[in-house]
Amino acid sequence: MGKGGGCVPSKKKLSGVAADGERDSVPIPVEVEVEVEVEDQAQEAEPKAAPGVAKLRVFIVFYSMYGHVEALAKRMKKGVDGVDGVEGVLYRVPETLSPEALEKMKAPPKDEAVPVIGAGELVEADAVLFGFPTRYGCMAAQMKAFFDATGQLWKEQKLAGKPAGFFVGTGTQGGGQETTAWTAITQLAHHGMLFVPIGYTFGAGMFKMDEIRGGSPYGAGVFAGDGSREATDAELALAEHQGKYMAAVVKRLALA
């Protein structure tokens, strides 16, 4: 599957050899030209939303201290919005640190154009993509505090059946691009939400080894380094793909 949200497989048969030497034993990386063609086919095949019908909404809920996760979130919204009948809605979770602490940590001001979400608002989403930086292989405390505030939703199972996914930011290459998502899945399990990983649906972009790139089969990711490194084109492209992929999944479930 290519960048077309994973809805329409390519009809082109490409030959390739897996890393362990077995042919066709894993998804075969596809070239960029094929991915673009598949994306066009997927968009053409999608049923158009009927006039007057409300769009499905994917909430992109994130915490970002230095802006790295926020950059992924905003590009992810572009991917969601690119699927007809679905829109991405950006939200940030409440900050738990004091302004004085953030100033000492040299954290930039928050983007006031992105509203703060309350836990109860999650019920209004058709799907949710949660983004957060890692803290020792787990989600940041701000995002954990937000999940801890969903107790009433859990008690009433208001989020059960909603698709959800993750995207992350880490400081180093071994800093939790996968474990941060693993340890977050427990939150979804208790709510009965449906975890939607991206797998290797990004095709060739998931197999390239010519540059440092965040992200994994669990979701998009960015390496922040010492804070000065910005998200690369490859990392942003994967975030956009995840947005398209989740939008396609939500649309498919709504039509089922």
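Is Tyr 218 buried, exposed or partly exposed? In this predicted model, Tyr 218 has 24% relative accessibility and therefore counts as partly exposed (buried is under 20% relative accessible area, exposed over 50%, partly exposed in between, with a 1.4 Å probe and protein chains only). Residues are numbered from 1 along each chain as its sequence is written. Local features need pLDDT of at least 70 and side-chain atom pairs pLDDT 80 or more, while totals for chains, interfaces and linings use all residues, and side-chain values rest on heavy atoms, without hydrogens and water.

Across the whole structure, eight aromatic pairs are found (ring centres of Phe, Tyr and Trp, the last by its six-membered ring, within 6.5 Å; planes under 30 degrees apart are stacked, over 60 edge-to-face, the rest tilted). Tyr 218 pairs edge-to-face with Trp 182, at 6.1 Å centre to centre and 75° between the planes. Trp 182 belongs to helix H6 and Tyr 218 to the loop between strands E6 and E7, so the pair ties together parts 36 residues apart in sequence (helices, H or I, of at least four residues and strands, E, of at least two are DSSP runs numbered from the N terminus). Trp 182, at 42% relative accessibility, is likewise partly exposed. One aromatic cluster consists of Phe 130, Phe 132, Phe 146, Phe 147, Phe 166 and Phe 195.

Contacts (heavy atoms within 4.5 Å) join H2 residues including Leu 72 and Met 76 to H8 residues including Leu 236 and Ala 239.
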